[in-house]
Each structure stands twice: as structure tokens, then as C-alpha cells.
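Visitor: I would like to go through the charged pairs and the strands of this model, one question at a time.

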Amino acid sequence: MITHPQFDPVLISIGPLAVRWYALSYILGFILFTFLGRRRIAQGLSVFTKESLDDFLTWGILGVILGGRLGYVLFYKFSDYLAHPLDIFKVWEGGMSFHGGFLGVVIAIWLFGRKHGIGFLKLMDTVAPLVPLGLASGRIGNFINGELWGRVTDINAFWAMGFPQARYEDAEAAAHNPLWAEWLQQYGMLPRHPSQLYQFALEGICLFAVVWLFSKKQRPTGQVASLFLGGYGIFRFIAEFARQPDDYLGLLTLGLSMGQWLSVPMIVLGIVGFVRFGMKKQH
């Protein structure tokens, strides 16, 4: 079993100011978005100009941050924040939701398109291939922080990783499983899936490769966005089988996690949209 390196989450600290790796992962994601966006403009495969791309980035950042935070509040810890509403603004304590961030960006795309006279689906198709590498960057940030670890796996598995940050969860899990209790006593931690790296590979690298390559040719309007929607939903649904469910939610109906249930509509809409838009002529 490999032990998580326990990186210092702070890259540089100057007095009261601290630059965190997780914040840098977001910044890197926005830089990659801009770089790829300019590539697509040069290839003639974008509704953006260089100026409008930079303008949209501001809208997108607001959508990611506001949507991600509100999504976390509503989908994951609504009762806690209902009791302590001012805690919603304590973003430095963490708590972001991809599905909320996705909805925030969709709203930003709709508003930006209305302002600039760009069709919603055309704009979605343009933005979709630029997003997955940013998601990959965010998952590396999760791994560096040693958060969102995976479920317990076999002690002899080559991928097994112990997370010292999960000691409380390890003790709780071992209390209900004699074999895990032996492992915990012997190794001081339980072997877990490094699910952040699985999500990095699936939702980040694989999704990027699929959507980027598919969108290198002109496609029927809406089909690229549908591929991203369904592809993310499928990859996230798969990765969640290895990811530890949030302790305050656990597994829900049918033994699925909240992340899986939130991905189901994405899968359905993505598949339906991909087929329906694909049946139409390009325009």
C-alpha cells in the first residue's frame, strides 16, 4: 500500500497571504481554457473572436464559482447551511460542486449568447471541448489536498493508497469490518482507491480526447455539447463506484451516491441530444 504524499496545500505563504495549490488548479484550468479557445479560433472552429473569448472567460469564472458553491449548498449540505446561512460565504473552508458549477456555466453561456447574439447551442458546442482539461486540473488539486479519497480496496492491490487525512473515516469503517480492523491495526490506515486520479483520467483526459477529436470537424449544432454532457455523466458515474460517498449523505436510493444521481440526467440528456441533433443536417 502506498501512502499519500501529504503535500503542503500551501505553495507559498507571505505573511497573512497564502497561495494554495487548489487555487492554482483553478487558475490553470482557466489558462488552459483560453489557450485551447485561441487554438479553435485559429482553426476556424469557434464562434468566439479573441476579444469575445476573453470577455466570456469572466462570465465563465463567475458561473463556475457561484454555481459551484450554490450547488454544493443545495445538493450536499442544505440542512447545515439552512441552520447556519452565513456559512455559505465561508468559501475558504471549501465546498464546491461540479454539477452546480456546470449549471452556473450554462446560465453564463445563455446570458452571454443573448447579449452578443450567439445561438445557445452553438456557444455550448464551442465551449464544451475547452472544459475537460480544466476539470483534470481541479482533480489534481483534490489529490494534492488529500481530499475526496476513494472507497476501501484490497490491501494487496497495486493501486491501494492510504490517506492519513482519512483516519477518522478509517476508524469508523473498521468498526464494522473485522478484516479492515486488522488492516487498520497493522498499517495505521486503510487501503483506498486514489479516486481523484481516476476522475483526473476519466473526466479530464479521456473526456478531453473524445470531445476534442470529435469536434475537430463541423458537426450538427448541439451534438458536441451533447457528447460532453453524456460523456461526463458516464465517466463520473463510473468513477463514483470507487469514490468514498460523502459521510453526511452516504449512499442513496439503489445504493448510488449523490454524484451518480446527479449524473443520470446528464447521461440521458446527452444521449438523447446526441442522437436527435445527429439526425439533423449541419447548419
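Visitor: How many salt bridges are there by the rule used here?
Guide: This is a predicted model, in which local features need pLDDT of at least 70 and side-chain atom pairs count only at pLDDT 80 or more, while totals for chains, interfaces and linings use all residues. Side-chain values use heavy atoms, with hydrogens and water left out, and residues are numbered from 1 along each chain as its sequence is written. A salt bridge requires a side-chain nitrogen of Lys or Arg within 4 Å of a carboxyl oxygen of Asp or Glu. By this rule the count is five.

Visitor: Which residue forms a salt bridge with Arg38?
Guide: The closest N and O atoms of the pair are 3.2 Å apart, and the partner of Arg38 is Asp54. The two lie 16 residues apart and link distant parts of the chain: Arg38 in helix H1 (residues 21–42), its partner in helix H2 (residues 50–75). Helices here are DSSP runs of H or I with at least four residues, and strands are runs of E with at least two, numbered from the N terminus. The partner of Arg38 is therefore Asp54.

Visitor: Is Asp54 buried, exposed or partly exposed?
Guide: Buried means under 20% relative accessible area, exposed means over 50%, and partly exposed is in between (1.4 Å probe, protein chains only). Arg38 has a relative accessible area of 31% and is partly exposed. Asp54 has 35%, so its class is partly exposed.

Visitor: Which UniProt annotation covers Arg139?
Guide: UniProt positions are given in the numbering used here, feature names are shortened, and annotations may be inferred rather than shown by experiment. Not counting residues up to four places away in sequence, Arg139 touches several residues, including Phe200, Tyr232, Arg236 and Arg243; contact means heavy atoms within 4.5 Å. The entry is unreviewed, and its annotation covering Arg139 is "binding site".

Visitor: Which residues are linked with Arg236 in a network of salt bridges?
Guide: Arg236 forms a salt bridge with Glu240, with the closest N and O atoms 2.7 Å apart. Glu240 counts as buried at 3% relative accessibility, and Arg236 counts as buried at 2%. The residues linked with Arg236 in the network are Glu240 and Arg243.

Visitor: In the hairpin of E2 and E3, which residue takes a positive phi?
Guide: Strands E2 (residues 10–14) and E3 (residues 17–20) pair in the antiparallel sense over four bridges; pairing requires at least two bridges found by DSSP. Ser13 has Ala18 in E3 as its bridge partner. Two residues lie between the strands, and the residue with a positive phi near 60° is Gly15.

Visitor: Which strands stand at the edges of the open sheet?
Guide: The sheet has three strands in the order E1-E4-E5, with mixed pairing. Strand E4 (residues 161–162) runs antiparallel to E5, joined by two bridges, and Met161 stands opposite Arg192 in E5. The edge strands each have a single partner strand, so one side of each is left without a neighbour in the sheet; they are E1 (2–3) and E5 (191–192).
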